[in-house]
Amino acid sequence: MDKVLHKLRKLDAYPKVNEDFYSRTFSGGLITLVSFVLMLFLFFSELRLFLHTVSETKLVVDTSRGGTLHINFDVTFPAVPCSLLSLDAMDISGEQHLDIRHDIVKKRIDAHGNVIEVRQDGIGAPKVEKPLQRHGGRLEHNEEYCGSCYGSETSDDDCCNSCEEVREAYRKKGWALTNMDMIDQCKREGFIQKIKNEEGEGCNINGVLEVNKVAGSFHFGTGKSFHDSNVQLHNLLASQDDNYNITHRINKLSFGHYFPGLINPLDGVQWVHENPNGAYQYFIKVVPAIFTDIRGRSIQSNQYSVTEHFRSADPGRSRSLAGVFFFYDISPVKVTFKEEHIPFLHFMTHICAIIGGIFTVAGIIDSFVYHGQRVVKKKM
């Protein structure tokens, strides 16, 4: 047993020195104090880094199929009345949504940007006595109402009982509804008067679009849109000027849910209309993203990049397409963000390296200082 203990003593890498041989100096104490403060500072720096989460980013091929894309928007048009502002969406699969009204809120604003009225989009028809019937007479007692479509009927049984239904029938025919004063339904609902009352006003439109996760577009136009020979046109009201001021401010535009660190490049972007009638276009590349927090919870969202272009109206065109267009395409590459802590073993390795490194360097410095002091004393 004594031999084993004796061998263990020979393996001692920390031989003890008798205190009688210690030589404590002022410079040694100062170096020790500075070393301790430096160790403490670096320790807390490493501890803060260990407690703070870091994000690991990876690029992978997006193998998901199908699904939907949520587009959140909040756009202000200072010079376009709410009654004229419409929202349309379409994609390369052929699906079209014209004059979207669900999940859309419009706010009438004055010239100073103050909100006048907030309403869910849509115009309701008030009840009136004896509206004009399809056969040309007025509604009689116990007679069912069937309003005229003014030549846009597709069958003898078609009825247009509101201004919106007349506009929709004209849209399906590809006709422009220009003389609104001649439409009995529009006069009864006060549609023309509503537009006149909103002259000089602007509109803030916000809401959510849920579209197929394929390339497509959506746009805000000045009037109700219709399609003719696969070309999208707009039914612009004759009571308005041909030149529309499409100055706009994008308060918010995102594709999906927010996650920490997400930056939407179009948030807060403003464009001021200077040229005559035309279309302002945004070309967007949507990149799917998955964010996983430190607790393992995942958020499916998207990032995007964008380029801009203003397209002036072609001279001589009878219908110039005014509005703000957003064309988006889906990237085949997906970005994953994962929050995580630095491993504890890495943290301990760094701490040991700090203590050992500073202790060694401080010992070398103290040795040089001590020998220097002895040389000076001998010369004296």
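Q: What makes Cys 82 and Cys 203 count as buried?
A: In this predicted model, both residues fall in the buried class, and that label takes a relative accessible area under 20%.

Q: How do you know that Cys 82 and Cys 203 form a disulfide?
A: Their sulfur atoms sit 2.2 Å apart, and the cut-off is within 2.5 Å, so the pair qualifies. The angle about the S-S bond is 100°, and the link is right-handed.

Q: What does the pair of Cys 82 and Cys 203 tie together?
A: Cys 82 belongs to the loop between β2 and β3, while Cys 203 is in strand β7, so the link connects parts 121 residues apart in sequence.

Q: Why is the link of Cys 149 and Cys 160 called a disulfide?
A: S to S comes out at 1.9 Å, and within 2.5 Å is what's needed, so this one passes too. Its torsion about the S-S bond is about 95°, so it's right-handed. Both cysteines lie in the loop between β6 and α3, so the parts tied together are 11 residues apart in sequence.

Q: What makes β1 and β16 a strand pair?
A: They share 8 bridges in the antiparallel sense, and at least two are required, so they pair. Ser 55 stands opposite Glu 339 in β16.

Terms used. Residues numbered from 1 in each chain as written. Predicted model: local features only at pLDDT ≥ 70, side-chain atom pairs only at ≥ 80, totals over all residues. Heavy atoms only, no water. Helix = DSSP H or I, 4+ residues; strand = E, 2+ residues; numbered from the N terminus. Buried < 20%, exposed > 50% of the residue type's maximum accessible area, 1.4 Å probe, protein only.
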